[in-house]
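Please read the following report alongside the sequence and the model. It takes up a few selected features in turn.

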Amino acid sequence: MASRRLLLRGGTVVPMSERGLCFEGDVLVEAGRIAQVGRVVAEGEYETLDAHGALVLPGFVQVHVHVVQSLARHRAERLPLLRWLQAHIWPYEAALTAEEVAAAARLGIAELLCSGTTAALDMGTTRHQDAIFQTAQELGIRLTSGLCLMDSGEGVPQGLATTTEDALASAESSGQRWHGACGGRLRYAVSPRFALSCSERLLGESARLAHRHGWILQTHASENREETEAVRRATGRGNVEFLDSVGISGPSTVLAHCIHLDAQEVTLLAQRGTGVAHCPGANLKLASGIADVPLLLARGVRVGLGADGPPCNNRLSIFHEMALAGTLHNLRHGAGAVDPWTVLEMATWRGAEVAGLAQVGRLLPGWRADLVVLSLDAWALQPFTDPATVVVYGGGVESVRHVVVDGEPVVREGELVTAHASEIRRDARAAATALAARLGWE
Ligand SMILES: [Zn+2]
C-alpha cells in the first residue's frame, strides 16, 4: 500500500460525482486514497504536483485493450476481423517469446499511462501472461488481465490453442498468482477469446472458474457480421444469447463490442447487468459496424470504452474513443445522441463499474487515488466552457501533465517516471523487427 502524501495544488477539479460540477481547488492524497478535495490546508510532509491552469479528473478507465498486440501496430492493415486475426494477429501471438510479450506490454502500458488511462481491462496473452502482470507491477497501472484462452477454431496456428484442461488449469493458477497483487492494483480476469475459438465446454467452465473465485469474466461478442453468423450456424443462437446460455453474462462479465444484436439480446444484457465494452475506433478500422450505444444506454445496459488492440486502432488513446463515442452515434440517432457528460462518465466511473473496480472513477474522499491532470493550454481547449464538452471534443494526449495511480505519480510533466521511455521504444522497435523477420512480414 502506498504511503506517500501528495497534494495536487490549484487546479479546476472535475470530481465526476455529479454532472456539471467543477470548482477551483486542491486534492490531497494519502496512503493511496483521496483524503480531501476542495480547499486543502495540508500540514506535515507532502509532495506537490502543480495543477494550475489544468483540470484534475479521475484517471481514465478502459474496459477493453490488448497490450500484448502492441508490436503488431501498423502491421495488420486493411482487413476485416476474421482475416485480420488469421493472417496477422494469431501468427503474431503464437510467435511471441516471454521477452517479446514484456516488450509489447511495456509499450502498450506506457502509452496508456502517458495518455491518462490509469486502469484497464486487458485481454491478456495466450502464453507468458506473467510478463504482462510483471510489467503492470513495474509501470504502475491498475490492470485487470488474464490468459487469453483458446482451445479450438478455424485458422488458429499451431501452438496458440491449448487443450481445454490446460487452458482452465493455467488460468486458475495464473489468477491465484496475480489476483490482488500490489495491494489490489492487479486483478485477474478469466478471458476466453471468443465463441469461434473456444469450445462450449471451455466457455462454460471459464464462467464457473470466474464465479468461483470472484474474478471478472471477459470475452468478445458480436463484433463482426461474419463472426455472428458463424456462431448462429454453430449454435442456433445469437452470439450474446449463446454466451448467456453457457453462463457468460451478469454483472461480473464484460463483452467487448456487442454490435450485431437482436432485440432479445439487448434485453438480455440489461436484465443480467452484463457490461459492454464499446470500442468505436477499432470497430471503424475493421469495418465491423457501429454498436447502438444510445439504445443500450436507454435500456440500462452498462457501457464503458476501450481502444481494443494497437493493430486495430492504431492508438490506445481514450481521447480518440471519447471523441468517436461523442460523435459517431449522431449518424443513426441525430445530433447529441450521446452527450459529453455520458461519454466522460463511460471513460471514468461507468467504466470502473463495468470492470468491477470498487471506489475508482470519482474524486471522492476515501476513493482510490487514480487521477489525471490535463493542461488547458492546447489550442483545441480554447476557450474553456463546460469541462465534459472541452475534454470529449477537444482533448488529446498532448494535454496530459500528471498521472497518479493508487496515490503514486506515474507520469510527471508529461513524462513517464516509472520506467525509461527511451528504453521502452528501443526494445519495442528491436523486438518488432525480430518478429517481423521471423513471421516473414514485409
Ligand atoms: Zn479485442
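## Domains and their contact

The structure is a predicted model, and the domain assignment of its protein chain gives domain 1, made of residues 5-58 + 360-413, and domain 2, made of residues 60-354. The C-alpha centres of these two domains lie 28 Å apart, and their contact takes 24 residues from domain 1 and 28 residues from domain 2.

On the side of domain 1 that touches domain 2, at least two residues each are supplied by helix H15 (387-394), strand S16 (400-405) and strand S17 (408-412). H15 gives the most to this side, with 5 residues. Sorted by class, the side of domain 1 that touches domain 2 has 14 nonpolar residues, alongside 5 polar and 5 charged ones.

Helix H3 spans residues 129-139, and its buried residues are Gln129, Ala131, Ile132, Phe133, Thr135, Ala136 and Leu139. The elements that cover these buried residues include the helices H2 (98-114) and H4 (164-178), together with the strands S7 (117-122), S8 (142-145), S10 (186-192) and S17.

After H3 comes glycine 140, which has a positive phi, near 95°.

## The pairing of H2 and H16

Two packed helices are described by the angle between their axes and the distance between the axes. Helix H2 packs with helix H16 (residues 421-439) at an angle of about 135°, and their axes are 9 Å apart. Since angles over 145 degrees count as roughly antiparallel and those of 65 to 115 as roughly perpendicular, H2 and H16 are therefore oblique to each other. The crossing of H2 and H16 is left-handed.

From H2, the contact is made by Glu100, Ala103, Arg106, Leu107 and Ala110, and from H16 by Ala421, Ile424, Asp427, Ala428, Ala431 and Leu435. The residues of this contact between H2 and H16 divide into 8 nonpolar and 3 charged, with no polar residue.

## Glycine 214 in its loop

Glycine 214 has its place in the loop between helix H5 (200-213) and strand S11 (216-221). Is glycine 214 buried or exposed? Because 11 other C-beta atoms lie within 10 Å, and 12 or fewer is the limit for exposure, glycine 214 is exposed.

Glycine 214 and histidine 179 are 35 residues apart along the chain, and their C-alpha atoms are separated by 10.0 Å.

Note on methods:
Residues numbered from 1 in each chain as written. Predicted model: local features only at pLDDT ≥ 70, side-chain atom pairs only at ≥ 80, totals over all residues. Domains from an automatic or database assignment. Contact = placed C-beta atoms within 7 Å. Helix = DSSP H or I, 4+ residues; strand = E, 2+ residues; numbered from the N terminus. Nonpolar A, V, L, I, M, F, W, Y, C, P; charged D, E, K, R; others polar. Buried ≥ 20, exposed ≤ 12 C-beta atoms within 10 Å, placed from the backbone. Axes fitted to C-alpha atoms, helices over the stretch in contact; angles between N-to-C directions. Parallel < 35°, antiparallel > 145°, perpendicular 65-115°, else oblique. Left-handed = near helix turned anticlockwise from the far one by under 90°.
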